[in-house]
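Reader: I'm new to reading protein models. Could you walk me through this one?

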Amino acid sequence: MGGTVRTDISRLLRDHRIRAGWSQEELAERSGVSSRTIGLVENGARRPRLSTITLLAEALGLDDSEREKLLTTAADDPDDDGDGNTDSGTATAVAAAAGEASPTPDTLPYPAPGFVGRAAELAVLLAREDPAPALRIVAVDGMAGVGKTALAVTAAHMLAERFPDGRFFLDLHGFTPRRQPVETSDALARLLAAAGTPPARIPVGEAERADLWRTTVARHRILLVLDNAVDEDHVRPLIAGGDGTTVIVTSRHRLRLEGATVLSLDVLPEAEALELFTRAVGDRRTAEEPGAVAEVVLHACGRLPLALCIASARLVHRATWTVGYLASRLAESGRLLPELEAGAGNRGVAAALDVSYRQLPPHRQRTFALLGLCPGDDFDAYAVAALTGTGLHEAGDALEDLVDQHLVLAVAPTRYGLHDLVRAHAQTIAADLPPQVRSDALAALAHYQRHVASVAVDLLWPATSSRRPTVPPPAGPTVPLTDRDAARAWLSEEHRNLIAGAVRGDVPGHASTLSVILGLHLDASGFSGDAVALHQAAVEDARACQDDSALAAALNLLGITHSLLGANLQAVDHLKASQRAAEQAGDRRAQMRASVNLAVVYENLGRFPEALDQSRQGLRLAREVSDTAAIAPALNNVGTMLAKLDRTAEALDLHQQALSWATDHGNHPSRARAHNNLGADHEKLGDRDTALRHHHLALAIYRDLGDVRNQAHVLADIGDVLIGQGEYGEALGAHREALRLAEEAESPPLQAQALNGIGDALASMSEIDAAHHAHRQALARIRGASEPAQRERAEAGLARGRG
């Protein structure tokens with residue numbers, strides 16, 4: 001090519017590139033313009049199109065004056081390119097309207113490398129509507145880093161052939177770190193320049209520019225991608241085109257554009273997230289460590305494409321790193337976001353999220369920051385009202401607004417959550433709040449949780465309410481719990497949050513109080529693992545507060561839970577420590593509770609005389625302190641120990657007393673236990689029909705209470721009675737249901753009891769091999785010296801012959 005050397009534009013472009021510190025290849029990667037074209041322009045061998053200069057200016061991050069100078073310099077160069085041809089810039093709709101032949105305007109950046117999946121979303125973007133609208137708008141929204149731009153650009157290239165009059169892409173920088181959003185007037189100027197309008201012909205006023213833009217593309221079918229918009233007002237003046245035009249708008253804000261198809265992006269499905277990571281890192285490295293890959297992709301990065309790209313890039317550029325090593329770095333406390341920022345600069349996850357946060361009004365910023373203090377996985381408007389000190393409707397409006405900003409997830413109609421990376425960002429911001437603000441917010445949330453938990457448990461277990469602390473209502477709104485179903489539902493929804501908040505130990509006295517409130521509910525519902533965590537946190541909390549009464553209560557509950565798990569020797573240690581703490585505090589009620597529970601543990605260990613002594617001490621203390629809720633359990637305990645010592649007639653009398661007391665005082669758990677104990681007494685006396693009647697009465701009460709653990713125990717007792725009656729099929733069914741409930745309750749001792757019952761029923765049906773298998777499984781559930789009765793029963797079952 002002959003040639004005019006374009007020294008002005010060549011020198012100016014090269015100066016900007018060098019100032020940015022980039023090679024031609026790096027500028028090419030960022031702009032979507034090939035490195036060959038950049039080299040030809042800088043060498044003066046090619047006259048650049050204005051659309052090319054627009055892309056380069058965008059990539060270089062030039063300010064408005066620098067961009068205008070670059071565009072003007074390119075437009076002012078002579079039109080003759082040395083071959084006798086003329087070029088008005090890039091092809092334009094204006095030139096086409098005038099009948100001039102010119103190339104199609106196309107400012108689409110290169111397709112996103114490594115794009116995977118999104119088949120359903122692409123189908124929406126590529127769909128041909130019937131009848132076709134005059135102008136089709138698709139508004140794509142989603143959280144930072146979810147892949148909105150990649151999807152829009154990929155779809156645009158797939159759609160390109162449908163739009164012979166032009167394909168336009170404009171980054172509006174609505175959420176670009178350290179950059180202001182593109183003003184509407186400037187955006188119109190860039191679109192006009194991309195369409196080939198010389199700078200001298202672009203009007204100064206925004207309204208005039210909008211008119212010219214609409215006129216320019218009015219009769220042409222174009223594809224217009226408006227990326228990274230702040231809100232609806234940011235894009236409305238830019239939407240234009242003739243019949244058949246498609247406009248794709250992306251934003252972190254949920255846009256409400258008239259007539260638009262709305263497409264909200266979530267994080268990638270599991271398989272697509274794994275595919276994206278594997279493509280980048282390589283099959284060999286990922287195949288060697290599937291567990292670590294899952295940890296990085298599904299947990300640390302939360303299937304967020306931006307996080308996956310950054311994490312995979314770190315591995316690609318560090319050949320000595322394993323996926324497991326990366327996973328360990330991401331798992332370090334407080335290191336998740338910094339690790340996903342390293343080397344990414346303004347393109348990191350934290351930087352992207354921070355832009356969304358900074359664009360919130362101050363009162364929304366405060367709410368978002370305080371959400372970083374929330375324990376557990378999710379929350380509702382009541383909890384957020386407590387945390388933020390606002391009203392219910394104000395908290396709900398704030399949450400819905402943050403959902404629209406894709407900073408909060410709507411996980412159910414009234415429940416909300418945070419993506420793990422967003423939660424980490426909120427926690428970082430919360431850490432910078434004044435200490436008093438943080439402590440006040442956490443204390444208010446803890447008070448709210450204790451109060452509602454207390455109301456809920458009292459609805460479920462009213463007879464034992466005197467054993468639990470009364471928590472006054474907080475100043476703010478509280479969720480209304482009017483019946484037991486509502487109470488169960490709230491405890492189920494808030495379970496993980498309650499445990500997490502107590503275990504975290506942010507508020508002195510909270511764990512020890514919540515431990516007493518939730519203890520019975522957790523044990524009855526089969527949440528033994530969570531109960532151990534809560535009660536252990538309560539022990540530490542009470543010691544930190546130097547509160548011996550609270551310590552006695554926490555150790556008592558910890559002992560009960562270990563006993564239910566079959567760890568009876570540990571339970572003895574905890575309960576004896578509880579007695580000592582109660583004595584130190586002069587708390588006779590706490591002494592009484594520890595004695596009653598220590599009796600049960602000694603029973604489990606087969607130490608019946610000691611169990612009887614502790615039972616009698618518990619009953620004496622219950623009567624001395626006039627604890628009406630404790631008298632029936634204590635009577636039940638004494639009767640049970642007498643029965644174990646084969647003093648059945650005395651046991652029967654104590655259990656009748658327990659039943660009468662529990663019935664008179666509305667103590668339903670103790671009433672159920674008394675019925676079950678009476679069933680055992682009558683079975684020993686040979687009256688199996690009466691025994692079954694009492695057992696079924698107990699089962700009905702426990703079912704009404706939702707007490708899974710004791711349902712399992714009673715069903716196993718029913719199964720044993722049925723075996724004695726020769727009803728082996730029914731007995732087997734009862735024991736299998738008992739096993740299912742015992743597994744749900746996470747109770748190895750009850751599982752052993754049910755498995756032994758299954759073995760005995762099968763042996764009675766001459767299925768010896770299956771019976772032996774059940775007894776072996778029962779032995780596997782028994783820990784150490786715990787549960788000697790069930791151990792002896794399993795060993796006896798295994799000793800049965802096959803004849």
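Author: Let's begin with some ground rules: two strands pair if DSSP finds at least two bridges between them, while helices (H or I, at least four residues) and strands (E, at least two) are DSSP runs, numbered from the N terminus. This is a predicted model, where local features need pLDDT of at least 70, side-chain atom pairs count only at pLDDT 80 or more, and totals for chains, interfaces and linings use all residues. Residues are numbered from 1 along each chain as its sequence is written, and side-chain values use heavy atoms, with hydrogens and water left out.

Reader: How many helices and strands does the protein chain have?

Author: Here we just count the DSSP runs over the protein chain. The tally is 39 helices and eight strands.

Reader: Is T367 buried or exposed?

Author: T367 sits in helix α19 (residues 362–371). Leaving out residues up to four places away in sequence, T367 touches V384, T388, A398 and L402. Buried means under 20% relative accessible area, exposed over 50%, partly exposed in between (1.4 Å probe, protein chains only). T367 has a relative accessible area of 8%, so it counts as buried.

Reader: Which residue does R415 meet in a salt bridge?

Author: Side chains of opposite charge can pair when their charged atoms come close. The cut-off for a salt bridge is a side-chain nitrogen of Lys or Arg within 4 Å of a carboxyl oxygen of Asp or Glu. R415 makes one at 3.1 Å, N to O, and its partner is D378.

Reader: How many residues apart in sequence are the parts that this pair ties together?

Author: R415 lies in strand β8 and D378 in strand β6. Both residues are buried, and they also belong to a network of salt bridges with D380, E493 and E494. The parts this pair ties together are 37 residues apart.

Reader: What separates E737 and R740 in helix α36?

Author: Their side chains meet in a salt bridge (2.7 Å, N to O). E737 is partly exposed at 28% relative accessibility, and R740 is partly exposed too, with a relative accessible area of 42%. Along helix α36 (residues 728–744) they are three residues apart, so what separates them is about one helical turn.

Reader: What radius of gyration does the protein chain have?

Author: The radius of gyration is taken over C-alpha atoms, and the globule rule is 2.2 Å times the number of residues to the power 0.38. A compact globule of 803 residues would come out near 28 Å. The C-alpha atoms here fill a box of roughly 120 × 65 × 55 Å along the principal axes. The chain's own radius of gyration is 36 Å.

How values were computed: Contact means heavy atoms within 4.5 Å.
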